[in-house]
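Please open the model in your viewer and keep the selection panel at hand.

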Number of protein chains: 2
Amino acid sequence: MTYTGRKLEQVAQPVPNDIEISQSVTPLKITDLATKVGVQDNEVLPYGDTKAKIKLDVLDRLKDQTNGKYIVVTGISPTPLGEGKSTTTVGISQALGAHLNKQVFTCLRQPSMGPTFGIKGGAHGGGYSMVVPMDDFNLHMTGDIHAITAANNLMAAAIDTRMFHESTQKDGPLFQRLTPDNKFSKCMLQRLKKLSIDPSKAPNELTDEEKTAFARLDIDPSTIAWNRVSDVCDRYLREITIGQSKTEQGRTRTTSFDISVASEVMAILALCDNLQDMRARMGRITVAYDNKQRAVTAEDLGVAGAMTVLMRDAIMPTLMQTIEGTPVLVHAGPFANIAHGNSSIIADRIALKLAGANGYVLTEAGFGADMGMVKFFDIKCRTSGLKPDCVVLVASVRAIKFHAGEDLKKASSSEQIKQGSSNMIRHIENAGKFGVNVVVCLNKFKGDTDEEIAQVIQIARDAGAFDAVVSDHWAQGGKGAVDVSESIVKACEANEKQFTQLYDLQTSSISDKVNKICKDIFGASSVEFSQTALQQIERFESQGLDKLPICISKTQYSFSHDANLKGAPSGFVIPVREIRCYSGAGFLVPMLGEISTMPGLPTKPAYYDIDIDEDGKILGLF
Amino acid sequence: MTYTGRKLEQVAQPVPNDIEISQSVTPLKITDLATKVGVQDNEVLPYGDTKAKIKLDVLDRLKDQTNGKYIVVTGISPTPLGEGKSTTTVGISQALGAHLNKQVFTCLRQPSMGPTFGIKGGAHGGGYSMVVPMDDFNLHMTGDIHAITAANNLMAAAIDTRMFHESTQKDGPLFQRLTPDNKFSKCMLQRLKKLSIDPSKAPNELTDEEKTAFARLDIDPSTIAWNRVSDVCDRYLREITIGQSKTEQGRTRTTSFDISVASEVMAILALCDNLQDMRARMGRITVAYDNKQRAVTAEDLGVAGAMTVLMRDAIMPTLMQTIEGTPVLVHAGPFANIAHGNSSIIADRIALKLAGANGYVLTEAGFGADMGMVKFFDIKCRTSGLKPDCVVLVASVRAIKFHAGEDLKKASSSEQIKQGSSNMIRHIENAGKFGVNVVVCLNKFKGDTDEEIAQVIQIARDAGAFDAVVSDHWAQGGKGAVDVSESIVKACEANEKQFTQLYDLQTSSISDKVNKICKDIFGASSVEFSQTALQQIERFESQGLDKLPICISKTQYSFSHDANLKGAPSGFVIPVREIRCYSGAGFLVPMLGEISTMPGLPTKPAYYDIDIDEDGKILGLF
């Protein structure tokens, strides 16, 4: 039994604004949708009428089910004009479901609320291709980001409080207070093991040296890598000094808040298999180093279990729907620069099982294909073991022209497209290196001429795309994306290539991996590691952390580390300033530049126009 | 049709720990419970199987329904031993419902998660008198506190960002950026009105002086009264310096984080009538004063609408249930010292309507009766217009003995009770001053002797209590509270006294009101206002804010401002250091001492023992 949504009966011209479109439809009751797409009653937890959590039990029940086709949606290097990647993801879903009668699932990232109230623009799609109700999508959802904030900040408080108690107490009382009633907490057994202390001993059986080793984490404050987070664009928290109350007795420290989606907890949510795996990853998070340069983990702090308990509900994806009634799973939304920028493995797995052998799953990767898609392949697919069947590369005429650069601003449209498509071409070629078919979806914008469209399509096909098709889903809904969706179906069926990773996790060194990405994907001539980065590589190698995949942190606006290099630059030297270790999420992050992890607010933020009317209806949200 | 829950079939001896008891019962599916207690399908939004939001529509539908009996549960001055107020509130509910066949509702505050992970102990009750599932009650609930955090912190970011933009931009560009497209946002019309600028003018029609007046809030940073909040016990955030990143160009500021439940947004949630009233209150929040000592409000910042939108779901109370299946409404949980410490008016109103003429509603007031009960009468009932039918005053033998003080520690039990009950007596007398019957519920603890119990009961009756009854609900569930519940029913029926307020809102001055509370309730001989407080009084009078009720902020451990004065002290002089204005919530807060609004964590916080087991079941939560 296949449920494929319901076609929009008509669309208005000109296209109304998003909130009007969203409020013009009555979504299916979410529990009814869950039933229609094959979720059993005992596997669904409704959160109101329009959102529901899906229990991971569904994976056990369907473990022998064949997966659907797995399609990743990515884009050319982003421009300030917007290419409409989310809109395209949703539009193609609507076409595959409501118009081509396929069982289809869309897997999206949960948006941060910070930008929603800062600079207009949500991640719900747009026009007649969106997730509804869009206000439910953009506000709180089912609380997952709040849970991440709580878990992240509990650990932050744990770090500072532990340092405070260690610095104000002598060894004896400190050990005594950590082990009241002469008992170790369950999580403390891990620390005993790490310190090679017999865990079957009672606390009072430890030697004085063992007691001291156990009780003193001896965190070196300068190495603390854990920031507090807030889901608000709050620039004044980018750098702060804490501990200035007299109760902290002068123990101040400089630190930062990041926006919540930049938390490693978010990346863990996106990459974990289940609650047990999440628990293990939480324990592995590197919090800081001690005065002897040994890693101090969340497990050492005794907080990993509580963090997992705080994430107990967040581990379940949220079911919503598109405007044409096809199912959407929203789950996790890690930063696409500092982290890997992809929605959760759990949601994709559930979607693939529910879609089944004849079904389709679209999942969106953040930023351009050099970032989101590469991380999808190298980090997400490697972690999950899932193999993609097709890449959809979103482009637009105006974005391609933008990549021609300032110098060509007065050149002919044809010349601009010719030059600017170098960016698209390299993304197509890059996808090819992973052995996956690429369909270019040219997202139509008002004013694009037939000639321009034809030119881009020809260039894309010549560059090795399986196909390139124009799409008008913003104005027409799924109907506008039927052609491109038919090509996607063919690309999945024709998927005879061998999916391959860019580097081998076990045999490549950290610097080999980084070099491979920078040269093969970005077009760099070479990579220069700073002294700091080289020391970090050495440390990670000695800790056995060199087998982790690489998650490059750089600007999304260029293949290179320099946002101004448009098109497809080459011959540049990439500097690696430092390498951060996300040992919980399971990747290493070479930093190619300064990345802001806390956005600010403009002079007139979006919140000025967000309000309720007399009936309690929301105004001004997009 | 009356739904009265279901009796516990048996209770175990000795009483198991809370999480075992909670996990031993299968709660009614929450949508079924909603139906049973008279909520219609379209008025309920389930959040999973054990929690549901109740829409405010129920109030419209039942507006002509007679209210149930309204019972406030309070206690003697708290001691470190715990008196079991939440447990008693739940136990009496279970007795009234499952054992005495009354339609009963329990209205509770949502607990902060901070202490849950810090020092053991939740607000779910305990033993066989608790809200189930207790983990759902203590973790996230339906996200209301997270919404408060988001709304509070959006305003905090708005304040600092606005000051930044004002200080880095000239008048012209600043005004221009605030009114792009030559349009005012809807919320800006309020500011125009406040500045006596014709709101029908287009932005470019304003004079230069008007433009400057409009665009410049000119906040005096030293007057900012709005802190950021976090629902984590994070002592290092008690005093911090923000804005130290180079992007803020040296514009640093010292500020604080409070625990989320201390936010004025929480107090507003607890006191508002509906979304429109919440919107108006948000707009009235005093953020700071400008350089000319004029109040700057959330409306001036343009953020009140967005804050309300963030609270759109939080305004609905959450339905849960007791272990004996009676309905519980959980909603709001303002600090009981810095704020008024009572759950929401909206929840009480819904409960009173659903309970109906023959039903009962128990609502809990924070801390001792001098704080929570007095604020219930003077602030909450005044705001809602609801009249209480009975006060339940919770006491325990051991707490009464504790109030006898250190000096009598070696005296006979009878002597200790005689001396310590002075505290209980004054609370009974105080309740009498409001014209409401008092039933003392003596919460039984292991080791209390029959003689001790008889002595306390006699003293309470002699002091003017309508009745005093021992109760054993912790060990026996509702069955243990049947006797006291029967007295409560009688007290409600015999409620012929006239409910009266302590002072008149319109005719009493601020200092009269403060004097009245300090002398009549606390037993002070006089009140000394500091210079600061006197200046503040003057300012509030000139702003017309002197008609607000008073919300005293002081220690909960004594009638006085000194936590060490046990029993019923008198003759002391109360110092008022400053008076804070919560113009959104609608009360003035005289500060009688330093109140910590950000708890810390002990050396071994509760989180060490909180974890999941192999099946994902929660361990160590209490």
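Which residues in α15(A) are buried? Bear in mind that this is a predicted model. Select residues 345–355 of chain A, which form helix α15. The buried residues are A:Ile345, A:Ile346, A:Ala347, A:Asp348, A:Arg349, A:Ile350, A:Ala351, A:Leu352, A:Lys353, A:Leu354 and A:Ala355.

At its start, select A:Ser344, whose side-chain oxygen comes within 3.4 Å of the backbone nitrogen of A:Ile346. Just after the helix, select A:Gly356, which adopts a positive phi of about 75°.

Now turn to chain B and select residues 264–271, helix α11, together with residues 275–284, helix α12. The two helices pack at an angle of about 150°, and their axes lie 10 Å apart. Their crossing is right-handed. To view the contact, display the side chains of B:Val265, B:Ile268, B:Leu269 and B:Leu271 from α11(B), which meet B:Asp277, B:Met278, B:Arg281 and B:Met282 from α12(B). By class, this contact comprises six nonpolar and two charged residues, with no polar ones.

Finally, display both chains and examine the interface. Chain A contributes 82 residues to the contact, and chain B contributes 82 residues. The area buried between the chains is about 7400 Å², with carbon and sulfur atoms giving 57% of it. On the chain A side, select A:Tyr236, A:Thr603 and A:Tyr608: these residues lose the most area to chain B, together 12% of what that side buries.

Terms used. Residues numbered from 1 in each chain as written. Chains lettered and ligands numbered in written order. Predicted model: local features only at pLDDT ≥ 70, side-chain atom pairs only at ≥ 80, totals over all residues. Heavy atoms only, no water. Axes fitted to C-alpha atoms, helices over the stretch in contact; angles between N-to-C directions. Helix = DSSP H or I, 4+ residues; strand = E, 2+ residues; numbered from the N terminus. Left-handed = near helix turned anticlockwise from the far one by under 90°. Contact = heavy atoms within 4.5 Å. Nonpolar A, V, L, I, M, F, W, Y, C, P; charged D, E, K, R; others polar. Buried < 20%, exposed > 50% of the residue type's maximum accessible area, 1.4 Å probe, protein only. Polar contact = N/O pair within 3.5 Å; in protein donor to acceptor, adjacent residues only side chain to side chain. Buried area = accessible area lost by both parts, 1.4 Å probe.
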